[in-house]
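Take a look at the sequence and the model below. This report goes through some of their features, one topic at a time.

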Amino acid sequence: MMGETLNIDDLRNRIENEISVLKTLEDLKRVKATILGRKGVFAEFLDALKLLDKDQKRVFGKELNILKVSTEARFNEIEAALMEEERAKQEELTWVDITMPGKVPLLGKRHPITQTFEEIIRVFSSLGFAVAEGPDIELDYYNFEALNIPKHHPARDMQDTFYIKPGVVLRTHTSPVQIRVMEAQLPPVKIISPGSVYRCDHDVSHTPMFHQVEGLMVDKHVRFSDLKGILSVFIQEIFGANTRLRFRPSYFPFTEPSAEVDIGCVICEGAGCRVCKDTGWLEILGSGMVHPQVLRNVGYDPEEVSGFAFGMGVERIAMLKFGIDDIRQFYYNDIRFLSQF
Amino acid sequence: MRIPCEWLNEFVVLDIDPRDLAMKLTMRGFEVEAVEEYRPAFDGVCVGQIMTIDPHPNAGNLTVCQVSTGLETLPIVCGAKNVRVGDKVPVALVGARLAEGFLIEKKSIRGVESPGMLCSERELGLSDDHSGIFIIPEDVAVGSRLAEMKGLNDFVLDISVPPNRGDCLSVLGIAREVGSILNQRAKLPIFKLDTSDSESVEDQISLSIANTEACPRYVLRMIKGISIGPSPFWMRNRIQKCGMRPINAIVDVTNYVMLELGQPLHAFDYHALADKRIEVRVADSDSVFKTLDGEDRKLVAGDIMICDGSGPVAIAGIMGGENSEITDSTRDIALESAFFNPLTIRETARRLGIRSEASLRFEKGVDGDNVDFAAERAVFLMNGIAGGTVLKGKREIYERGIGKTIFVSFAKIIDILGVPIEHSGIISALRSVDLHILREEENGFVVSIPGFRHDLEEYMDIIEEVARIYGYDHVPATTPGGAQQVQKRNRKEVYLRGMKEYLASCGFYELVNFAFFNLKDIENFRIAPSDPRSSCVPIMNPIGKDYEVMRTFIAANVLKSIAYNLNRGAKNIRFFEMGKIFFLDGSSLPVEYPSVCFAMTGREREYFWRDPCPEYDFFDIKGVVEGLMDQFGVQTSVTRSSEEFLNRNRAADVLVGDVKIGWMGEIRDEVLRSYGIEQAVYCAELRTDLIAQHGSVDAKYRPIPRFPQVTRDFAFYMDEKTPVGAIIDRIKGVSPLITAVGVFDMFKKETKSIALRVVFQSFEETLTDETVNALQEIIIREATSVQGVMLRT
């Protein structure tokens, strides 16, 4: 090649021209090859350089090398820019409208009665009470007689019972479970019995079936003050540590002394409202010391052991906890209701 | 029991706000449900006295009364005929306001100026009586404000008396409790009968009791020559406040004394009593008796009857007979006061469906010691109101029982209550409610029980009295002693909870239905009469047709809940319910099993913009069943179901071994229509006890394989109705190295084609191609040995 054709400026211009039309990484690759490749322009120049004399070689060689280094840097720069452009282009394809609705997993709910049951059982389990169960269809003996509610007893005024046949009833409370458990084992006894119970009542505030949890503890030296202790812990677990509660005398044939337990109204906080009938208190459960006759009925000696028992309506507790004002809502099974809990 | 404070105040001094008293009574076990305030409905009415009565100059049916109001005498025009000179009457002066807002203005009536008006009880809002002017009791001062008259300003306590405290169905009974609260003693009414020159009851009537167990005490007292009229205002006012209706002086007195002392009384017309004798006996055969309400009552052997010389005149303690009833012309009265056997009265009242105020008290037991006092009180009041003469003495039979006593040890009281009360505190507490200590012994005391406390039978009753008076509030809250026991986990409980959690996490809402259903449900579900599910447990006294029997399966109730929600706009529903089902059984009690039912209808969601949302089909419900079985480690298989309520092409029974534990499938259209459902419902019902019996909730760790698994896909042509399950079972049987066989595609062009993916896994080594290839050969051979199956290549 002729010396005069080795024009660095021409080379620089040519490179500039080639680079200025680069659009894609492919272009880059191709152009890079034609310029820096083994048979590229620089290679051509280097071959031509060999023909020059020593001085020229040194001058040209130096200039050529400077140009080559800067060209390489230039290509790297352009490559990085093009790659970034490409990445951005690819990324653009993944764009979504984040305001479109997501796919919510389908999740059902347990009935509020179940949830309340579990909450009650949880608290009593932690206090050492075991769960015991019995039949819904019960002998008159277990539902009434053994619990000191003989035929014609005034206590039967309080409940109207479904009969299956003479001597067989739908249990009106879960207390018969207490008798069955005590018949089957010796003290100490420490159980709760959750379950369905039935009474012939169907109006705005009663359903023919509802749910109860009853508890029983029998041992040596079980005291009325222990009943207060256990129920205080329970109520404060369920309704909060600041819940006020009071025990007041009441009557149940199977307990003596008997106590009705009220909590400070959770709706009006004691100021008086429709729910608490302006008293500031809500009846929440019935309780008492197991009547000695009941202990005798199961063969326990009331001189040796004593115990307490308590019972509560699950719907009542659920209504207060969730603020439900109509007991029938539990049994309509409307999804708009069930989905709230 | 409604107790007017003004009345109560005659027995104890009520120096306490009625609302505070209500709170204290509530804390004593007498829950006060309401404190009702009574205020006069009028204003500006004073007490006047009639000085003269002159005819109205222009109207024959009116009079002009000169009425003194103490300060002045006013001429007031009056239309009523019952006023006499000297009567005290209510004078509504100009500006006064009467009941219902009526305002008094100065008015000229037929030419005579009347600066006020005399009022009837109705005009004052005191009662419904508008028959004449209200004649005010003589002891009220002329010129005083009528609004201040006794009884018009009052508080009535509406008390829920515990069923064992019949003694507190009276002002006296409540007064005793109030006395104990206020540290007073309730005072009995003091009066003196004047019988100085009257005949003797003994000469007028005879009395016998055939069975003193049925009637241990019976008293007859008599009053002669009375005239029947209304009772005075104060008495009617009290009776009304207690929630009863005034009738006439005699009936009102019997009711008044019952409300006051708790002793029901019955008045006979003396002249209606044949042979002038009363016999109390127990009926020995069935008979019919007409009670004073005109009804024929069927009596049976055992009922207590009051008879005269010719037959029954009253059903003891429940209702009198028409034949001896008090009428307006009655002049002479024989008054009964008695103690009847509470159980007999209760049984008779219950059978006859009569629950009167009297029977309510008799069946809880009245105060045997108070029987004669109440009779005396009644004839005294009758005498004062209706005139006549009280006869001397009484007829009485009194089979006195032995006074009841109870021994209680101090230690037991403290041990049961968990609070160290002083002995003296115990004794004074008991004394305050008339429980007196007969004697103190070394470690306890003997207490005597008064006749009105039928509820006290053993030491625990006395301990309750101590606690009640001491105050439950003063008992501390303690932690039970003794060793803490760890309670065993209830396996059934764990299963039930686990299933509920599983189903809820599968998107099912839990239902709770009543455990009843209708015999129509059996029919709707086409349950054969021979099927145990037709042997429903019937309820003798169901609350309605829908709840006539105990359910033998849950699905019917679930369909009802689905229909309920579809009718309210829901389209896509997943429900489950867990509960008991009941079957008749030879033994004394029916059998009960726990069951779980779940159902789905519609589609998972109505739409999702990205994905298609197909409607549910058989494989959705099947998947839920499979997942449930997997969760509890139960090995099940399926077989075509013959349940009549399922679409036979999409119905399966779920088996453990040979035992059917439930079913699943698409409910038949005809069944759905009988519940008003018009869209497909897929449903399953399984016995949870059987799942628990064959399953396990205890997870066991299996080592994770250290060698890679190999998968191979296979495709087969097969006959339409060849069960894929059979092919899968064959393949699984080929080698223990085969750990899973899945169906990843199924399609049909000319022939049905199925694509299976088989997973091979060894715990010992890395599987070689050779090994897998060998198994592959066997798999193809095994699969194609099923009738109608060909390898697709």
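## Where the two chains meet

How much area is buried between chain A and chain B? The model is predicted, and in it the figure is about 7700 Å². Carbon and sulfur atoms give 58% of that area. Chain A brings 94 residues to the contact. Chain B brings 89 residues.

Polar links also join the chains. There are 33 residue pairs in polar contact between chain A and chain B, counting pairs with both residues at pLDDT 80 or more. The count of salt bridges between these chains is 5. One of the residues in a salt bridge is Glu458(B), and its partner is Arg296(A). Their closest N and O atoms are 2.7 Å apart.

## The chain A side

Which helix of chain A gives the most residues to the side that touches chain B? That is helix α8, which covers residues 224-239 and gives 7 residues.

## Two packed helices

Two packed helices are described by the angle between their axes and the distance between the axes. Take helix α1 (residues 8-20) and helix α3 (residues 41-49), both of chain A. They pack at an angle of about 170 degrees. Their axes are 12 Å apart. Angles over 145 degrees count as roughly antiparallel, so α1(A) is roughly antiparallel to α3(A).

Which residues make this contact? From α1(A) come Leu11(A), Arg14(A) and Ile15(A). From α3(A) come Val41(A), Phe42(A) and Phe45(A). Of the residues in the contact of α1(A) with α3(A), 5 are nonpolar, none is polar and 1 is charged.

## Backbone details in chain A

Now for the backbone. A cis peptide bond joins Pro187(A) to Pro188(A), with omega at about 5 degrees. Pro188(A) sits in the loop between α7 (175-184) and β5 (189-198) of chain A. Glu256(A) and Pro257(A) are also joined by a cis peptide bond. Here omega is about -5 degrees. Where is Pro257(A) found? It lies in strand β8 of chain A, residues 255-264.

Asn148(A) belongs to the loop between α6 (140-143) and β3 (163-165) of chain A.

Note on methods: Residues are numbered from 1 along each chain as its sequence is written. Chains are lettered from A and ligands numbered from 1 in the order in which they are written. This is a predicted model: local features need pLDDT of at least 70, side-chain atom pairs count only at pLDDT 80 or more; totals for chains, interfaces and linings use all residues. Side-chain values use heavy atoms; hydrogens and water are left out. Axes are lines fitted to C-alpha atoms, for helices over the stretch in contact, and angles run from 0 to 180 degrees between N-to-C directions. Helices (H or I, at least four residues) and strands (E, at least two) are DSSP runs, numbered from the N terminus. Angles under 35 degrees count as roughly parallel, over 145 as roughly antiparallel, 65 to 115 as roughly perpendicular and the rest as oblique. Contact means heavy atoms within 4.5 Å. Ala, Val, Leu, Ile, Met, Phe, Trp, Tyr, Cys and Pro count as nonpolar, Asp, Glu, Lys and Arg as charged, and the others, Gly among them, as polar. Buried area is the accessible area (1.4 Å probe) that two parts lose on being put together, summed over both. A salt bridge is a side-chain nitrogen of Lys or Arg within 4 Å of a carboxyl oxygen of Asp or Glu. A polar contact is a pair of N or O atoms within 3.5 Å; within protein, one must be able to donate a hydrogen and the other to accept it, and residues adjacent in sequence count only if both atoms are side-chain atoms.
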